[in-house]
Amino acid sequence: MAAEVSFMVDTPRGSRAVSVTYRRQGTGEPLLLLHGVGHHLQAWDPVFDLLAAERDVIAIDLPGFGTSPGLPDGVSYGLTTVIPFLAALCQALKIDRPHVAGNSLGGLLALELGREKLVRSVTALSPAGFWTPAERQYAFTMLRTMRQVAQALPVPVIERMSRTAAGRTALTSTIYARPGRRSPESVVAETLALRHSPGFEQTLAAGREVLFTDDVPGVAVTVAWGSRDRLLLRRQGVRAKHAVPGARLVRLPGCGHVPMNDDPALVARVILDTSRPVTTSTPAQAQHA
């Protein structure tokens with residue numbers, strides 16, 4: 001069940017109260033889960049229980065997504081604002097240097113948290129920021145198209161489409177390689193989350209300036225890319241490996257941009273392996289990209 005935590009953050013207009021919706025379960029070392037643009041914490045549902053069997057798992061709605069309110073007026077959604085926000089969130093939740101796994105935007109944030117030495121390990125699933133200008137424009141156009149569709153369709157139509165495999169494919173095949181596996185309830189919820197995300201445009205605006213070129217030294221990093229990612233093409237994983245030479249680059253066969261739905265067992269194993277001692281073997285199913 002989701003809960004809410006409130007805390008203070010510094011803004012150009014002084015200290016302001018913010019709140020975040022989160023779900024927490026499990027025991028062991030803390031593991032923070034960060035979703036992508038337009039999504040919500042339920043993106044992690046397929047792997048949540050698998051991870052909670054070994055970790056204290058905290059999945060959050062990023063500010064301006066899901067049911068978390070947007071950032072205060074006038075506050076940017078760029079890395080220089082969101083990273084301190086996440087650091088303050090960890091302090092409010094009393095978790096010290098968690099492991100972190102992120103998808104898309106969440107993957108970029110996870111890598112930046114690693115670069116700032118705020119986390120113990122990083123698993124970045126199809127992280128943003130390793131694009132060319134043309135690839136970034138393509139991804140943003142696809143995301144905006146998905147949002148326009150979500151905003152244009154009446155809710156009864158979304159609900160009716162979600163009840164068939166063809167309808168779920170039409171609504172979510174941009175991000176899932178196997179959209180038919182998503183439950184009708186999940187497809188409705190994530191379509192409405194995309195429709196109502198107040199942080200959507202501000203996040204894309206901040207993303208126009210993002211190009212991740214820094215190393216993440218001293219932190220265990222895995223970058224994993226779905227072989228069927230239609231949003232951020234898998235060749236960007238090679239650029240990620242060049243930028244973060246110490247990272248383990250893993251291929252997720254048959255997975256799309258949000259791989260947690262397409263192969264929950266494999267994605268959970270990749271995340272758990274990254275947060276174990278470096279002597280732990282890599283997943284048998286994961287293939288180097």
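Is the crossing of H1 and H11 left-handed or right-handed? In this predicted model, the crossing of the two helices is right-handed. Helix H1 spans residues 45-52, and helix H11 spans residues 264-274. Their axes come within 9 Å. They cross at roughly 45°. That angle makes H1 oblique to H11. On the H1 side, the contact is formed by Pro-46, Val-47, Leu-50 and Leu-51. These residues meet Pro-264, Ala-265, Val-267, Ala-268, Ile-271 and Leu-272 in H11. By class, the contact of H1 with H11 has 10 nonpolar residues, with no polar and no charged ones.

An angle from 65 to 115 degrees counts as roughly perpendicular. From H2, Leu-79, Val-82, Ile-83 and Leu-86 take part in the contact. Their partners in H3 are Leu-108, Leu-109, Glu-112 and Leu-113. This contact has 7 nonpolar residues, no polar residues and 1 charged residue.

Helix H4 (residues 133-152) packs with helix H8 (residues 200-207). Here the angle is about 175°, and the axes are 11 Å apart. Angles over 145 degrees count as roughly antiparallel. H4 and H8 are therefore roughly antiparallel to each other. Arg-136, Phe-140, Leu-143, Arg-144 and Arg-147 in H4 meet residues of H8. Those H8 residues are Phe-200, Glu-201, Leu-204 and Gly-207. By class, the contact of H4 with H8 has 4 nonpolar, 1 polar and 4 charged residues.

Strand pairing was examined next. Strand E1 covers residues 3-11, and strand E2 covers residues 14-25. The two strands run antiparallel and are joined by 9 bridges. Val-5 has Val-20 in E2 as its bridge partner. E1 and E2 form a hairpin, with 2 residues between the strands.

The confidence of the prediction was also considered. Across the protein chain, the mean pLDDT is 93. A value of 70 or more is reached by 96% of the residues. Over residues 279-289, the pLDDT is below 50. In the model, this stretch has 27 contacts beyond near neighbours in sequence. Where pLDDT is low, predicted coordinates should not be read in detail.

Conventions:
Residues numbered from 1 in each chain as written. Predicted model: local features only at pLDDT ≥ 70, side-chain atom pairs only at ≥ 80, totals over all residues. Heavy atoms only, no water. Axes fitted to C-alpha atoms, helices over the stretch in contact; angles between N-to-C directions. Helix = DSSP H or I, 4+ residues; strand = E, 2+ residues; numbered from the N terminus. Parallel < 35°, antiparallel > 145°, perpendicular 65-115°, else oblique. Left-handed = near helix turned anticlockwise from the far one by under 90°. Contact = heavy atoms within 4.5 Å. Nonpolar A, V, L, I, M, F, W, Y, C, P; charged D, E, K, R; others polar. pLDDT = per-residue confidence, 0-100. Pairing = 2+ DSSP bridges.
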